[in-house]
Amino acid sequence: MNLILLGAPGAGKGTQATKIADRYGLVHISTGDIFRANIKNGTKIGLLAKSYIDKGELVPDEVTCDIVRDRLTWDDVKNSNGYLLDGFPRNLFQAGELDKFAKIDGVVNINIDFSLLMDRLCGRRVCKECGESYHVSTLNGATTCSRCGGELYQRKDDNPETVKSRLDVYTAQTQPLIDYYTKKGIILNFTGTEAPAEVLFEEVKTVLDKLAK
Ligand code: AP5
Ligand code: MG
């Protein structure tokens with residue numbers, strides 16, 4: 001089963017992705033995580049990506065599509081039940097390219113009220129080691145991850161100005177994908193709310209269990 005996760009910045013793509021990948025034995029491929037790893041390692045791609053990510057803009061399509069095309073040929077993908085694309089595609093061009101090298105079974109689309117997102121993102125802290133996300137309001141001053149003890153950090157693009165730009169980019173470029181995949185008949189719509197992520201995952205599970213059969 002090959003899936004796409006669609007949703008605005010902070011909608012909860014990464015949070016749901018871990019749960020979905022675990023349950024169905026899928027490889028979780030997040031283009032944002034790939035770029036951040038490249039930035040951390042100081043690669044050429046990282047250097048290029050940083051200049052776009054810091055402004056909340058999209059990394060150029062050719063670079064992003066090449067990365068995903070290549071990633072789907074790795075052995076872990078071949079030896080799994082499929083993959084879950086988190087944050088790709090992000091515009092109609094990328095979706096058209098993906099159609100050339102992949103067969104997608106379902107698009108999990110998390111619709112969410114934008115008013116929730118600024119606080120969620122600006123208050124987010126992420127574990128450097130395992131990638132787990134937290135919100136400052138529930139950390140009680142803790143600076144390490146309760147799962148693995150790793151140090152928590154704030155993503156550089158989680159500041160009010162960049163978040164605004166990311167939301168604008170989502171509206172202009174990514175939102176049209178909802179129509180694109182609705183017309184293909186593979187969209188699976190969910191509503192992200194203030195409820196805990198586990199509540200949303202219960203709904204996602206009910207739908208994906210049927211698709212996986
Ligand atoms: P990317 O890393 O994909 O970031 P994003 O799309 O902006 O989304 P986030 O990762 O910020 O949010 P999320 O939806 O994963 O939410 P999360 O689960 O963490 O991309 C970053 C940048 O890379 C882009 O801006 C672009 O520059 C570049 N890029 C990436 N892909 C690209 C592409 N294809 N083409 C070009 N450029 C690309 O949750 C957010 C917070 O909410 C967390 O604190 C979490 O704990 C909390 N939370 C989650 N669910 C719930 C819930 N149900 N209730 C309460 N809190 C919740
Ligand atoms: Mg994410």
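Student: Which residues are closest to ligand 1, and how many surround it?

Tutor: A residue is near a molecule if one of its heavy atoms lies within 4 Å of it. By that rule 34 residues surround ligand 1. The closest are T15, E57, R90, R124 and R166.

Student: What should I know about the model before reading on?

Tutor: This is a predicted model: local features need pLDDT of at least 70, side-chain atom pairs count only at pLDDT 80 or more, and totals for chains, interfaces and linings use all residues. Residues are numbered from 1 along each chain as its sequence is written, chains are lettered from A and ligands numbered from 1 in the order in which they are written, and side-chain values use heavy atoms, with hydrogens and water left out.

Student: Which polar atoms lie 2.9 Å, 2.5 Å and 2.7 Å from ligand 1?

Tutor: Start with the rule. A polar contact is a pair of N or O atoms within 3.5 Å; within protein, one must be able to donate a hydrogen and the other to accept it, and residues adjacent in sequence count only if both atoms are side-chain atoms. Now the case. G14 places a polar backbone atom 2.9 Å from an oxygen atom of ligand 1. T15 uses a polar side-chain atom, 2.5 Å from an oxygen atom of the ligand. T31 also uses a polar side-chain atom, here 2.7 Å from a nitrogen atom of ligand 1.

Student: How much of ligand 1 does the protein bury?

Tutor: Accessible areas come from the Shrake-Rupley method with a 1.4 Å probe; for residues, only the protein chains shown count as cover. Taken alone, ligand 1 exposes 1,000 Å². The protein buries 92% of that.

Student: Which elements give two or more residues to the shell around ligand 1?

Tutor: Helices (H or I, at least four residues) and strands (E, at least two) are DSSP runs, numbered from the N terminus. The elements here are α1 (13-24), α2 (31-40), α7 (117-122) and β6 (133-135). The largest share, four residues, comes from α2.

Student: How many salt bridges are there?

Tutor: A salt bridge is a side-chain nitrogen of Lys or Arg within 4 Å of a carboxyl oxygen of Asp or Glu. The count comes to 22. Take D99 and K184: their closest N and O atoms are 3.3 Å apart. D99 lies in helix α6 (residues 92-101) and K184 in the loop between α10 (176-183) and β8 (187-192), so the pair ties together parts 85 residues apart in sequence.

Student: Where do D179 and K183 lie?

Tutor: Both lie in helix α10, four residues apart, about one turn of the helix. D179 is partly exposed at 47%, whereas K183 is exposed at 72%.

Student: Which residues do salt bridges with shared partners join into one network?

Tutor: R124, R155, D157, D158 and R166. D157 is buried, at 6% relative accessibility. R155 is buried as well, at 13%.

Student: What is S30 in contact with, leaving aside neighbours within four places in sequence?

Tutor: Contact means heavy atoms within 4.5 Å. S30 is in contact with R36 and D86. S30 lies in strand β2 (residues 27-30) and is buried at 7% relative accessibility. A polar atom of its side chain lies 3.0 Å from the backbone nitrogen of D33. The C-alpha atoms of S30 and L84 are separated by 8.2 Å, although these residues are 54 apart along the chain.

Student: How many disulfides does a search of the whole structure find?

Tutor: A disulfide is a pair of cysteine sulfur atoms within 2.5 Å. The search finds zero. As for cysteines, C65 is buried, at 2%, and C122 is partly exposed, at 21%.

Definitions and conventions. Buried < 20%, exposed > 50% of the residue type's maximum accessible area, 1.4 Å probe, protein only.
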